[in-house]
Amino acid sequence: MYDPLTSRYTFACPRRGEAHITLSGFRTLERLEGTAHPVVYRVRFACGCGDEHDGLVSHDELDWAPLGLEGGVFLNLMTSKVEPVADELGGLAALRIGAGEWPWSFFCYPEERPRPVFPSAFFLLTPGDGRVGLAVRCPACRKTSVNVVSHEHIDVPFHNDREVGVVEHVFADDVPAAVEEFRAELWSSAFDARRLAL
Ligand SMILES: [Zn+2]
Ligand SMILES: [Zn+2]
């Protein structure tokens, strides 16, 4: 489902059969009620065929697979061998997290501080201007913040933009209202740069 070689998720496309989508190609993420083992997210993604489709992603695939902490194989460039991914990448990811580096981060506007985060806290993504508007539900204060970030900030674990745009707006707690506000506020130039040093 997630391919660590290309950093892409595979979904079904009704026109082309398969679609290979980066995390920043997601448009909405919504936790499916009643799922627990595993928790499953419904994802709406922008497909290469020009349409948007829905797909399902488990919590593990969302948060851990990009770090190599799940099955699969990768090409070891040192030995030119395909090796199990979990040992190499997973061990490296664990080391970096242990050293205080975070695979993903965002700037929490209500708290006025950067915070580490995992993709399951993202719920709305809108591209524009070569960058992506990203709505995040803060794992610490539960409030919504909207950051404007590079595609790499989302797609490449441990790549954190040094500065992100922050929409200076406290969003509604309920998701549909926050979605409407997000669409109204984003790209309206009402954002300011904040440093992301954690
Ligand atoms: Zn498609
Ligand atoms: Zn917060």
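Let me begin with Cys138, which counts as buried because its relative accessibility is 0%; buried means under 20% relative accessible area, exposed over 50%, and partly exposed in between, with a 1.4 Å probe and protein chains only. Cys141, with a relative accessible area of 25%, is partly exposed.

Before I go on, a word on conventions. This is a predicted model, in which local features need pLDDT of at least 70 and side-chain atom pairs count only at pLDDT 80 or more, while totals for chains, interfaces and linings use all residues. Residues are numbered from 1 along each chain as its sequence is written, chains are lettered from A and ligands numbered from 1 in the order in which they are written, and side-chain values use heavy atoms, with hydrogens and water left out.

Donors here are N, O and S atoms within 2.8 Å of the metal (3.2 Å for Na, K and Ca); water is not among the atoms, so sites may look incomplete. For reference, the ideal angle for four tetrahedral donors is 109.5 degrees.

I turn to the other zinc ion. Which residues coordinate the zinc ion (ligand 1)? They are Cys13 (SG), Cys47 (SG), Cys49 (SG) and His53 (NE2), at 2.1 to 2.4 Å. Why is the arrangement around the zinc ion (ligand 1) tetrahedral? It is so because the 4 donor atoms subtend angles of 104 to 116°. The spacing of these donors along the chain is C-x33-C-x1-C-x3-H. Within this set, Cys13 in strand E2 (residues 8–13) and His53 in strand E6 (residues 52–58) link distant parts of the chain, being 40 residues apart. Cys13 and His53 are both buried. Helices (H or I, at least four residues) and strands (E, at least two) are DSSP runs, numbered from the N terminus.

Next, strand E14 (residues 163–167), in which 4 of the 5 residues are buried. Strand E13 (residues 144–149) runs antiparallel to E14 and is joined to it by 2 bridges; two strands pair if DSSP finds at least two bridges between them. Asn147 has Val166 in E14 as its bridge partner. E14 also pairs with strand E15 (residues 191–195), in the antiparallel sense and over 5 bridges, with Val164 opposite Arg194 in E15.

On a 1 Å grid over the protein atoms alone, a cavity is a set of points where a 1.4 Å probe fits but cannot get out, and a pocket is an open set with protein on both sides within 12 Å along at least five of seven lines; lining residues have an atom within 4 Å of a point. The largest pocket holds about 400 Å³, a volume being the space filled by probe spheres set on the points, which are joined across faces, edges and corners. Of its 19 lining residues, Arg31, Tyr41, Ser120, Phe123 and Arg137 lie nearest the centre. Strand E4 gives the most to this lining, with 4 residues. There is 1 cavity of 30 Å³ or more, and its lining consists of Tyr2, Ser7, Tyr9, Leu23, Pro66, Ile154 and Asp155.

Conventions. Four donors count as tetrahedral if all angles lie between 85 and 135 degrees; four count as square planar and six as octahedral if opposite donors are over 155 degrees apart and all others between 65 and 115; anything else is irregular.
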